[in-house]
Amino acid sequence: MSQVPTSQAPTSPAPTSNVPVTKIPSANCASNTLDNNTLDTTSIEPTTLAARLARPELLELTPYQSARRLGGRGDIWINANESPFNNVAVAELDLSKLNRYPECQPPALINAYSQYSGVAESKIVASRGADEAIELLIRAFCISGIDAIATFGPTYGMYAISAQTFNVGVKALSLTAEYGLPSDFATAARGAKLVFICNPNNPTGTVIDKARIEQAIQALPDAIVVVDEAYIEFCPEYSVADLLESYPNLVVLRTLSKAFALAGARCGFLLANEGIIEIIMRVIAPYPVPLPVSEVAVQALSPAGIARMKTQVKELNAQGERLAAALNLYCEQWGGAVLTPNGNYVLAEFDDVAKVAQLLIDNGIVARAYKDPRLAKAIRFSFSSQADTDRLVSLFESQKL
Ligand SMILES: Cc1ncc(COP(=O)(O)O)c(C=O)c1O
């Protein structure tokens, strides 16, 4: 099994759909290992009852190749942009009401996120990670077989995959060579109901400045512009959350999975004006936030939790700088380029990516490679602890001639 996995590209568009668009973004997905995932990535023949009854487009769909699904072997796990810290004080959680259903939107959680983000409580929905928020938006606003979303790739794969699972089209548009929004973005995205902009972008780590995002929001008044700020704590000056007051067509996605070190808790937030929130609340599950999750999340969002998060972000950014410097030195010698990181990860392109992949495998390092043709030579490394970074830096330094 390969730790820097490569194999199946996502498959072609849904076969039976009337969906108007769709160049499916093979681009957006991470590559995967063959040996533990063959079933996931092969189209299913309609021979079983389940396959005959299933929505036909699902038979062709390649599900998201999450880091956990891909697996890998090693002792340095830097393939999912997780935090190396574990902050939860389990003894302090109040689980005494686990016999009761939780509130749909736990008031203490919404209040804590409002205090943290500066966004009014009426503009916040808590979800099962930002991933569920993406799905809620698609289910709430896109008509299956008719509507489309737009994405700017290479970017996070779940926008396209969520759309495909509901037979919603995908206008898979490209970022520019410098990973900015293309000059014709408004024309290109026209007709899409939801336009996703990932900022900082995963996996490139690049950012689009606020004025440019505001232009996009203004240029697409009949669409909802969804700005995914999963990594915004690593560059908070780029947030557009304050623009929510001015634009009814803006949605901001957030998560506690990254800087707040709670990927295992599954807690995200959709921030938007009340009109959008009202529609989202019609499709959300009755109890999307399990009680232990809101307990853990409220703890993370306490003043002490926020202070700790900020300290850990600084520490991770410092480790990330060391890693990026080591990668830059390696690339100067062996060919390649390193993108300036703005999230908790760095993307590097290597002239001989196979050699680097093998080096990582041989040293028990699980990083992430891509099938996207634009990222064929790229590997993404999540920032990690000092000890992990020491090992990575000395590994790349050991390659000096
Ligand atoms: C850009 C982006 N958005 C959303 C998510 C999903 O976040 P969550 O863990 O809150 O579902 C990720 C996870 O890696 C991500 O990279």
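Biologist: Leaving aside its neighbours within four places in sequence, which residues is Ile-149 in contact with?

Modeller: Ile-149 is in contact with Ile-138, Cys-142, Tyr-159, Ala-163, Val-168, Val-170, Ala-192, Lys-193, Leu-194 and Phe-196. Contact here is defined by C-beta atoms, placed from the backbone, that lie within 7 Å. Please note that this is a predicted model: local features need pLDDT of at least 70, side-chain atom pairs count only at pLDDT 80 or more, and totals for chains, interfaces and linings use all residues. Residues are numbered from 1 along each chain as its sequence is written.

Biologist: Which residues touch the most other members of the largest nonpolar core?

Modeller: Ile-149, Leu-194, Val-251 and Ala-297 do, in a core of 115 residues. Such a core is a set of buried Ala, Val, Leu, Ile, Met, Phe, Trp, Tyr and Cys residues joined through C-beta atoms within 7 Å. A residue is buried if 20 or more other C-beta atoms lie within 10 Å of its own, exposed if 12 or fewer, and partly exposed in between.

Biologist: And which helix gives the largest share of this core?

Modeller: Helix H12 (residues 303-334) does, with 8 residues. Helices (H or I, at least four residues) and strands (E, at least two) are DSSP runs, numbered from the N terminus.

Biologist: Where does the core lie relative to domain 1 and domain 2?

Modeller: Between them, because domain 1 (30-85 + 307-397) and domain 2 (90-302) both give residues to this core. The bounds come from an automatic or database domain assignment.

Biologist: Why is H11 described as largely enclosed?

Modeller: Helix H11 (residues 291-300) has 8 of its 10 residues buried, so the rest of the structure largely encloses this helix. Among the buried ones are Leu-291, Glu-295 and Ala-297. The cover over them includes helix H5 (107-117) and H12.

Biologist: Changing topic, which residues does a cis peptide bond join, with omega about 0°?

Modeller: Gly-153 and Pro-154. Pro-154 sits in the loop between strand S3 (148-153) and helix H7 (158-165). A cis bond also joins Asn-202 and Pro-203, with omega about 15°. Pro-203 belongs to the loop between strand S5 (194-198) and helix H9 (210-219).

Biologist: What is the phi of Tyr-179?

Modeller: Tyr-179 has a positive phi of about 65°, although it is not a glycine. Most residues other than glycine have a negative phi.

Biologist: Is Tyr-179 buried or exposed?

Modeller: Tyr-179 counts as buried, with 20 C-beta neighbours inside 10 Å. Its place is the loop between strand S4 (169-174) and helix H8 (185-189).

Technical notes. Contact = placed C-beta atoms within 7 Å.
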